[in-house]
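Dear colleague,

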Amino acid sequence: MVIDFETTTPAGHAAQPIEVAALALRYQEGVWTAVGRSSSLIRPPAFAPVTPASTAQTGLTPEQLRQAPTPAEALGALDRRFTADNRYLLVAQHAATEANIIHNQREHCPALARVDFLDTIPFAKHLVPGLPNYKLDTLLAHFSIQHPADRHRAYADVDVTAQVFLRLVNTADENAQPSDLAALVTIAGRTAKCNIPVQSGLFEI
C-alpha cells in the first residue's frame with residue numbers, strides 16, 4: 001500500500017495531517033496491479049490552522065478543509081481497508097514522515113499503525129547510487145516519470161511514488177538484487193513504531 005500525507009506543522013506540535021491518499025498494489029502472476037485507492041481531505045485541529053505557506057505548497061485552503069472529515073473519520077475509514085486476512089507493507093517516500101504521522105494518529109487507525117514500511121529513499125540509494133539527492137522530484141526526473149500538475153497533493157504524490165517504487169522493483173529484478181522481499185526489507189524496511197518492543201523495568205529498583 002503506497003501512502004502519502006500532506007500536513008500542516010504548528011509551532012510546538014507534531015505535524016497534523018490535512019490530506020491522505022493510499023494506493024493498494026498486488027503482485028500476481030508476474031504483474032503489479034492496482035487493486036484499490038483511497039483519498040480524503042482531513043480537517044486539522046484548531047491549534048494547527050492551514051497557513052499561507054501550506055496553501056502555497058499544496059493549494060489547500062482553510063475554506064476547503066473546514067468541512068473535511070475529522071482525523072478520526074478519515075483515518076478510521078482508511079484503517080478499515082486493512083483486513084485481517086491480508087498482509088501489508090506500506091510504501092512511502094521518506095517513510096519516517098508518514099510513520100510519525102500514523103503513530104501520532106494511532107488511536108484513529110490502530111491496524112494501519114501496525115503495518116511496517118518500505119522507504120523508497122534507501123531503496124533508490126542502493127540501486128541508483130550517485131544521484132545528487134534522493135528527493136521525489138529527483139527520482140521522477142531520473143526515471144523520466146512525468147511531473148504531476150498537482151504535485152504536493154496526496155493523491156498525485158501517491159501515484160508518482162508508486163511509479164518510482166515499481167521502477168525500482170524493475171531495476172532490482174534486472175540486477176537480481178535485492179533478490180527477495182526479505183532482502184528488500186533489510187535494505188529499505190522501517191518497523192512501525194507500534195511494532196517496536198517497549199523495554200520496561202530498566203530503572204526499577
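Helices (H or I, at least four residues) and strands (E, at least two) are DSSP runs, numbered from the N terminus. The model is a predicted one, in which local features need pLDDT of at least 70 and side-chain atom pairs count only at pLDDT 80 or more, while totals for chains, interfaces and linings use all residues. Residues are numbered from 1 along each chain as its sequence is written, and side-chain values use heavy atoms, with hydrogens and water left out.

I begin with the pockets. Grid points are joined across faces, edges and corners, and a volume is the space filled by probe spheres set on the points. For residue classes, Ala, Val, Leu, Ile, Met, Phe, Trp, Tyr, Cys and Pro count as nonpolar, Asp, Glu, Lys and Arg as charged, and the others, Gly among them, as polar.

The largest pocket holds about 1100 Å³ of space. Its lining comprises 34 residues, with L25, W32, R87, L89 and L181 nearest the centre. At least two lining residues come from each of β2, β3 (31-41), α7 (154-175) and α8 (181-188). The lining has 21 nonpolar, 5 polar and 8 charged residues.

The second largest pocket has a volume of about 420 Å³. Of its 19 lining residues, D4, F5, E6, T97 and H152 lie nearest the centre. Two or more residues are given to this lining by each of β1, α1 (52-58), α4, α6 (136-142) and α7. The largest share, 4 residues, is that of β1. By class, this lining divides into 4 nonpolar, 8 polar and 7 charged residues.

Next, helix α4. Here buried means under 20% relative accessible area, exposed over 50%, and partly exposed in between (1.4 Å probe, protein chains only). In α4 (residues 95-104), 7 of the 10 residues are buried, so this helix is largely enclosed by the rest of the structure. The buried residues are A95, A96, E98, A99, I101, I102 and H103.

The strands come next; two strands pair if DSSP finds at least two bridges between them. β1 and β2 run antiparallel and are joined by 7 bridges, with T7 opposite P17 in β2. β2 and β3 are likewise antiparallel, joined by 10 bridges, and Y27 has W32 in β3 as its bridge partner. Of the 13 residues of β2, 10 are buried.

Finally, the aromatic residues. Rings of Phe, Tyr and Trp (its six-membered ring) pair if their centres lie within 6.5 Å; planes under 30 degrees apart count as stacked, over 60 as edge-to-face and the rest as tilted. The count comes to 4 aromatic pairs. W32 and F165 are edge-to-face, at 5.8 Å centre to centre and 80° between the planes. W32 lies in strand β3 and F165 in helix α7, so this pair ties together parts that are 133 residues apart in sequence. W32 is partly exposed, at 32% relative accessibility, whereas F165 is buried, at 5%. Ring pairs link Y27, W32, F123 and F165 into a cluster.

With kind regards

Definitions and conventions: On a 1 Å grid over the protein atoms alone, a cavity is a set of points where a 1.4 Å probe fits but cannot get out, and a pocket is an open set with protein on both sides within 12 Å along at least five of seven lines; lining residues have an atom within 4 Å of a point.
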